[in-house]
Amino acid sequence: MSKVLMLAPEKCTNCRTCELACSFQHEKQFNPTQSRVSVLSWESAGIAVPIMCLQCDNAACAKVCPVGAITRNEETGAMVINQMKCIKCKMCINACPFGCTGYDSLTRTIIKCDLCSGDPQCAKNCASGAITFRDGNTANLGKKKVIASKFMKIFGEVN
């Protein structure tokens with residue numbers, strides 16, 4: 001079974017190192033706007049939550065792509081974008097229920113987490129352990145569902 005990113009928002013310190021590691025890995029510069037992970041924080045509540053692509057089994061981004069530019073990398077399990085096929089229609093951005101697909105106006109490309117080809121730098125550089133990369137066994141997938149439900153409660157309270 002492939003590995004999955006696990007999020008533990010209660011451990012996030014809002015250091016944003018994950019954003020810097022991601023942008024450096026992909027763009028060779030420390031620019032959070034070019035990161036595939038975003039840390040959302042609510043200072044009044046003291047909450048910070050790393051948000052990234054969950055590599056959905058039934059990925060809405062891939063379903064709506066009119067040219068089939070988004071496919072699953074069978075080796076890593078990541079949904080990846082073939083930039084040569086992509087027509088930048090941005091339908092995938094609208095389709096993602098978590099807002100984890102974006103458009104980089106500097107490079108004029110659609111961006112989303114590709115698990116760094118199986119070695120996600122966000123997890124590797126997360127000192128607090130808020131982001132980890134683990135085997136996708138049943139226990140971890142169960143934990144992901146619990147975390148997802150916590151996110152929904154948090155987002156419900158913020159809105």
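I take buried to mean under 20% relative accessible area, exposed over 50%, and partly exposed in between, with a 1.4 Å probe and protein chains only. The model is a predicted one, in which local features need pLDDT of at least 70 and side-chain atom pairs count only at pLDDT 80 or more, while totals for chains, interfaces and linings use all residues. Residues are numbered from 1 along each chain as its sequence is written, and side-chain values use heavy atoms, with hydrogens and water left out.

I looked up Leu20 and found its place in helix H1 (residues 17–27), helices being DSSP runs of H or I with at least four residues and strands runs of E with at least two, numbered from the N terminus. Leu20 counts as partly exposed because its relative accessibility is 31%. Together with Phe24 and Phe30, Leu20 makes a nonpolar surface patch of about 290 Å². Such patches are made of residues with over 30% relative accessible area and no salt bridge, nonpolar side chains (Val, Leu, Ile, Met, Phe, Trp, Tyr) being joined within 5 Å and like charges within 9 Å.

I noted three salt bridges in the structure, each a side-chain nitrogen of Lys or Arg within 4 Å of a carboxyl oxygen of Asp or Glu. Glu19 pairs with Arg16, their closest N and O atoms lying 2.9 Å apart; Glu19 counts as buried, at 4% relative accessibility, whereas Arg16 is partly exposed at 32%. Arg36 meets Glu27 at 3.2 Å, N to O, with Arg36 buried at 13% and Glu27 partly exposed at 21%. In the bridge of Asp119 and Lys124 the N to O distance is 3.1 Å; here Asp119 is partly exposed at 35% and Lys124 is exposed at 56%.

I recorded a volume of about 190 Å³ for the second largest pocket, a volume being the space filled by probe spheres set on grid points that are joined across faces, edges and corners. A pocket is an open set of points on a 1 Å grid over the protein atoms alone, where a 1.4 Å probe fits, with protein on both sides within 12 Å along at least five of seven lines, and lining residues have an atom within 4 Å of a point. Of its 15 lining residues, Ser35, Arg36, Ser38, Gly99 and Cys100 are the closest to its centre. Strand E2 (38–42) and strand E6 (102–104) are the elements that give two or more residues to this lining.

How values were computed. Areas by Shrake-Rupley, 256 points an atom, 1.4 Å probe, with all protein chains shown as cover.
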